[in-house]
Every structure is written in structure tokens, then in C-alpha cells.
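Open the model in your viewer and keep the selection tool at hand.

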Amino acid sequence: MNLRYPARNHARRRTDSKLSHGNHLHDCHRSSPACAMHTQIMGMASAPRYSAQPNGASSEQDGIPVVDLAVLLNGDAGERSQAIRHLGRACQDWGFFMVTNHGVHEALQSALMDACKELFGLPPEQKAEFMDAGPMDPVRFGTGFNSAVDGARYWRDYVKMFAHPELHCPAKPDTLRGVAAEYAARTRGLLLELTAAISESLGLEGGRIAERLDLGSCFQILVGNHYPPSGGPDDDGAVGLPAHSDHGLLTLLFQNGVDGLQVKHDGRWLLAEPIPGAFFVIAGDQPEIGSNGRYKGVLHRALVDRAQARMLCVSLIGPCLDAVVEPVPELAVAPLRLEYMGVEYRDYMEHQQSNKLNEKGALDLVRVQTAETLGNF
């Protein structure tokens, strides 16, 4: 595995560019009944309200940032400029937000969910060839996170399918390939739009992050997660997945109506409750590395419901597997210190996927201070 420092570059920031993909982040309209439960970043006037949960987490009734893509696409220049600033605050303060009016039809989401349900219900012999697959194999079934290294029981069955640059999926069910291909294409476009907006929020050109990470050949994976009911009163708060950050750039998630996603914000675990029709968007480790620590990949975990099965579908994009992930040079100009070394994304992903989930421990691979302490230089 080759780690390296990116070259110092004293190029000044470019702040006069327009949003190259027509993106716009806007907090949800105050007139929307659904958004009445979510105070917008731009107008948060009071502390968020929380209600205690049995598992020690909290449910936030206000404050989760919301991206309205209808405003993003149709707002005037002033609205877009304001929205980009708020997107930056969402990435810096939360690493997590919801996106509405995203153009991915509910029927397509339902079709993917149904295909994944059918996939999980197939006889074991029809899934056997993928059960022993490794972290970098293009199709993988399993339980927990990585059963070879978990060391604990996690209440999760999953299927992972590489979707870009090439789609890989099981032959059964028959509907899966067509649905997965369409869903991957539509969500990839959405996530690339959001990436361009994030680039702008850092004072860069809209296409700068895409250029650095070779997102024309981006890595994309589709994941179906099934969390069976935990079953009894002693299993309240059973863990589906432990606290972790994602290895990629952005993760798009929708679920079957059973809550269980928790995010860590301001030192507290919050139960994330979606606006109807919205996707959750989770910032991974790559925005943290690329922004030289200005933005953060959010810690999140999955809890299991005692009585109901929870199911969700994930679309994650990351850099091209051969791209070197490192801070954008414009964001590591003196007097700022360089926080992360460069490493091929393929190596970073394999490292994270091959070890136990340990919060944000994968970042230690490229953290300059950690590497210096360990004597890697």
C-alpha cells in the first residue's frame, strides 16, 4: 500500500464560478407541512427539541438539514449562492442531510426494495456462490459487516453489488438487473450533482472534486440491508451495525418505514426520522480527506426494532478505484497543515472493508499525525 503526501499548491481559491451542474441546496420551505418538523439551518432560532429513547439516543424534531432539489434547479443566482453556503454548513456541522424533490420515482425505489426482498428469500443454494466472497468481490452476500472479522453478532443480512463502472448482480430474481441498472444510474446522477454543489461550497469550481477523484469512472455500490426483528424484551436496542463512517464519498439511503438509523451530532446519538419521500444523504470519509478535515464524515449506526423487520437500500459513490485520495491542494495551503496523506481509493476501501468497524478508525491509515506517530515517515 503506497501512502504519500500531496504536493503543496499555493493556487488561490476560485470563488467566482457558477454551479456547473445546475445544483442548488435549499433548506425546505417553511410553508411545507412536512418541513415544519425540521428547522432550517438558515433560520434555526432555538435549540432543537429532543425526546429520550429507550436505547439512550435522542430523536431530533428540528435541525436536520434538508436539500430541496426543485429549488436547486430553479432558484435564481442569489438563492443558489445562499443555498451553497448552507450546504457547506450542513457538511461541516452534520455530515448528514436529507434530500427532497430528487426525481427518483417512488415506484423505482419500491421495485428495488421488492427485488431485494425476493433476493433475500431465495433458497440458500442459489446464494451460495456469493456467501464466501471477499470485500473486493463485486457481489457479496453475508451477515453482520464482515463475518470473518466481526467478533460479535450483528443483526443484519446484506447483499452488496458493484454498480459502476460496471454493474454486477445475481442472476435471480429476474427483475433485479434491470431495476438495479436504472436505480444505479439515477442515483449516481443525483449524487454527482450533490458532489458538484459540495465542491462549490468549499470555494472550488463545481467540477473540481470530480476532476480530482476521476468521478467519470467513479466507484458505485448498491447495498440491500435486512435487519430482522430482535425478538424479545432483552434485545431492545440490539445492534444491526456498530458506529462507523462510510469509506466513500456520499451515501444515499431509503428505508421501509421502520426507523433505526442513528447519527452522532454534537456528541449525542440522534434517531434520524425522514421526511416522507426524502432520501438520507450520509457524507463519508472522502469529503473529510478531500477538504483537509474541514468537512466531516458522520458517525452512524443501525439499531434493530424488537417487533418489525427493517429494510433499507443504499447507493454509495466513491472515487475511481485507481484515484489517489488526498486533500485538494487549494485546501491545504499554508498556514494550514496537511491533515491527510494520499492513498489509492482501492487500498483505502479494502482496508476499511477488511477490518472490524471501529468508528472512524479507517482514517488512521491516512491521518498525518497518526502516521508520523507510528513512524511511517
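**Cavities**

Searching the whole structure turns up three cavities of 30 Å³ or more. A cavity here is a set of points on a 1 Å grid over the protein atoms alone where a 1.4 Å probe fits but cannot get out; points are joined across faces, edges and corners, and the volume is the space filled by probe spheres set on them. This is a predicted model, in which local features need pLDDT of at least 70 and side-chain atom pairs count only at pLDDT 80 or more, while totals for chains, interfaces and linings use all residues. Residues are numbered from 1 along each chain as its sequence is written, and side-chain values use heavy atoms, with hydrogens and water left out.

Select Arg156, Asn225, Leu241, His244 and Asp246. Of the 26 residues lining the largest cavity, these lie nearest its centre; a lining residue has an atom within 4 Å of a point. The space in this cavity is about 360 Å³. Its lining has 13 nonpolar, eight polar and five charged residues. Nonpolar means Ala, Val, Leu, Ile, Met, Phe, Trp, Tyr, Cys and Pro, charged means Asp, Glu, Lys and Arg, and the others, Gly among them, are polar.

Next select Ile209, Leu213, Leu249, Gln286 and Gly290, which lie nearest the centre of the second largest cavity. Helix 5 (176-201), helix 6 (208-213) and helix 7 (285-290) each give two or more residues to its lining. Helices (H or I, at least four residues) and strands (E, at least two) are DSSP runs, numbered from the N terminus.

Eight of them form an open sheet in the order 4-5-13-10-15-8-7-6, with mixed pairing; two strands pair if DSSP finds at least two bridges between them. Strand 4 (66-68) and strand 6 (139-143) are the edges, each pairing on one side only.

Which way do strand 8 and strand 15 run relative to each other, parallel or antiparallel? They run antiparallel, joined by nine bridges. Select Asn225 again: it stands opposite Leu312 in strand 15.

**Two rings**

Finally, select Phe254 and Phe279. Their rings form an edge-to-face pair, 6.0 Å centre to centre with 65° between the planes. Rings of Phe, Tyr and Trp (its six-membered ring) pair if their centres lie within 6.5 Å; planes under 30 degrees apart count as stacked, over 60 as edge-to-face and the rest as tilted. Phe254 is in strand 10 and Phe279 in strand 13, so the pair ties together parts 25 residues apart in sequence.

Note on methods: On a 1 Å grid over the protein atoms alone, a cavity is a set of points where a 1.4 Å probe fits but cannot get out, and a pocket is an open set with protein on both sides within 12 Å along at least five of seven lines; lining residues have an atom within 4 Å of a point.
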